[in-house]
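Student: Could you walk me through this protein with a few questions and answers?
Tutor: Gladly, let us look at it together.

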Amino acid sequence: MKKLLVLFYLLFATIPSSADDVLDNVSVKISEFASGLIPGEGHTEVGIDLRESHSPDFNILGVREILSLDQGNIFTQFSLFNTEQPTGDGGDERIIGNLGFGTRHLTADNTMMIGLNNFYDYDLENEHLRTSLGVEARSAVLELFYNRYLGLSDEYNEEHVLDGHDFKI
């Protein structure tokens with residue numbers, strides 16, 4: 001009973017002025033609680049967006065260091081989120097998982113960080129799989145990255161996983 005009262009207090013500690021405020025308050029409290037459930041040292045983000053007349057949007061992101069190096073580290077990053085693809089009949093909700101590994105290093109003079117990463121994206125609904133290979137360089141005056149994407153799954157329901165690239169200078 002105490003736990004129920006504490007939960008009720010946490011959810012409605014402030015008096016909301018509208019249904020949107022209630023949904024925002026509940027979303028924040030659920031996100032805060034869920035962030036603490038993923039074990040390990042590192043960065044964790046959990047977001048839940050409850051909206052009237054729509055299914056909830058969610059996202060989970062975690063970054064964990066695998067190995068600490070003298071001037072850098074090796075890490076893993078994982079995420080799970082839903083997204084809605086527009087279609088003629090109102091939308092197609094998909095759940096996407098993402099798993100990646102990367103390394104980042106500081107140059108000897110500590111003025112630039114350089115990195116390399118490899119990620120896999122998986123659409124759980126349609127079994128689409130894509131991989132990417134990326135490089136990055138960052139300093140106080142420069143931010144550069146390049147990612148190359150390669151579709152790994154076959155065509156499904158007249159859809160095809162696209163290859164591509166993106167970059168920023």
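Below, the talk goes from the overall fold to strands, salt bridges, surface and loops.

Tutor: A word on ground rules: this is a predicted model, where local features need pLDDT of at least 70, side-chain atom pairs count only at pLDDT 80 or more, and totals for chains, interfaces and linings use all residues. Residues are numbered from 1 along each chain as its sequence is written, and side-chain values use heavy atoms, with hydrogens and water left out.

Student: In what order do the elements of the protein run from the N terminus on?
Tutor: Helices (H or I, at least four residues) and strands (E, at least two) are DSSP runs, numbered from the N terminus. The protein has two helices and eight strands. Their order is α-α-β-β-β-β-β-β-β-β.

Student: What percentage of the residues in the protein is buried?
Tutor: Buried means under 20% relative accessible area, exposed over 50%, and partly exposed in between (1.4 Å probe, protein chains only). With that rule applied to the 169 residues, the buried share is 25%.

Student: How many bridges join E6 to E7?
Tutor: Two strands pair if DSSP finds at least two bridges between them. E5 and E6 pair in the antiparallel sense over twelve bridges, with Leu116 of E5 facing Val135 of E6 as its bridge partner. E6 and E7 also run antiparallel, a hairpin of three residues connects them, and Leu133 stands opposite Arg148 in E7. The number of bridges between E6 and E7 is nine.

Student: Which residue forms a salt bridge with Arg94?
Tutor: A salt bridge is a side-chain nitrogen of Lys or Arg within 4 Å of a carboxyl oxygen of Asp or Glu, and the count by this rule is six. For Arg94, the closest N and O atoms of the pair are 3.2 Å apart, and the link spans 29 residues, from strand E4 to strand E5.

Student: How far apart are the closest N and O atoms in the salt bridge of Glu136 with Arg104?
Tutor: Glu136 sits in strand E6 and Arg104 in strand E4, 32 residues apart. Glu136 is buried because its relative accessibility is 9%, whereas Arg104, at 35%, is partly exposed. The closest N and O atoms of the salt bridge are separated by 2.7 Å.

Student: Which residues are linked with Glu136 in a network of salt bridges?
Tutor: One direct partner of Glu136 is Arg138, with closest N and O atoms 3.1 Å apart. Arg138 is partly exposed, at 34% relative accessibility. Together with Glu136, the network holds Arg104, Arg138, Glu143 and Lys168.

Student: What is the area of the nonpolar surface patch that includes Leu116?
Tutor: Patches are made of residues with over 30% relative accessible area and no salt bridge; like charges are joined within 9 Å, nonpolar side chains (Val, Leu, Ile, Met, Phe, Trp, Tyr) within 5 Å. Leu116 is partly exposed, with 43% relative accessible area, and other members include Leu133, Val135, Tyr146 and Phe167. E6 and E7 each supply at least two residues. By the Shrake-Rupley method with a 1.4 Å probe, where only the protein chains shown count as cover for residues, the patch covers about 900 Å².

Student: Is Asn147 buried or exposed?
Tutor: Asn147 lies in strand E7, residues 143-151. Contact means heavy atoms within 4.5 Å, and beyond its neighbours within four places in sequence, Asn147 is in contact with residues including Asn117, Leu133 and His165. Since its relative accessibility is 14%, Asn147 counts as buried.

Student: What is the phi of Glu127 near?
Tutor: Most residues other than glycine have a negative phi. Glu127 lies in the loop between E5 and strand E6, in a hairpin with four residues between the strands, and is exposed at 55% relative accessibility. Its phi is positive, near 60°.
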